[in-house]
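Subject: Structure handover

Dear colleague,

Please find the structure below, followed by notes on what was found in it. I would be glad if you kept it open while reading.

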Amino acid sequence: MRGELSPDETELLALTDSTLAKLRAMTDAEFDELELYPDFDE
């Protein structure tokens, strides 16, 4: 996805880089604990 962004999309590039850095720093166990899907029934 990052490769599809144009150079003028600086905020989205920064957000993407920040997200990727955080994901790279996580262990598989930490990632598995994330709740990535909202529970609309609550």
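In these notes a residue is called buried when its relative accessible area is under 20%, exposed when that value is over 50%, and partly exposed in between, using a 1.4 Å probe and protein chains only. By that rule, buried residues make up 7% of the 42 residues in the protein chain.

This is a predicted model, in which local features need pLDDT of at least 70 and side-chain atom pairs count only at pLDDT 80 or more, while totals for chains, interfaces and linings use all residues. Residues are numbered from 1 along each chain as its sequence is written, and side-chain values use heavy atoms, with hydrogens and water left out.

The protein chain has two helices and zero strands, where helices (H or I, at least four residues) and strands (E, at least two) are DSSP runs numbered from the N terminus. Its C-alpha trace spans about 40 × 25 × 15 Å along the principal axes. The chain exposes about 4,200 Å², of which carbon and sulfur atoms supply 54%, the areas coming from the Shrake-Rupley method with a 1.4 Å probe, and for residues only the protein chains shown count as cover.

Thr16 lies in helix 1, residues 10-25, and counts as buried because its relative accessibility is 11%. Leaving aside residues up to four places away in sequence, Thr16 touches Met1, Arg2 and Leu5, contact meaning heavy atoms within 4.5 Å.

Leu36, by contrast, is found in the segment after helix 2 (28-32), and is exposed because its relative accessible area is 52%.

Best wishes
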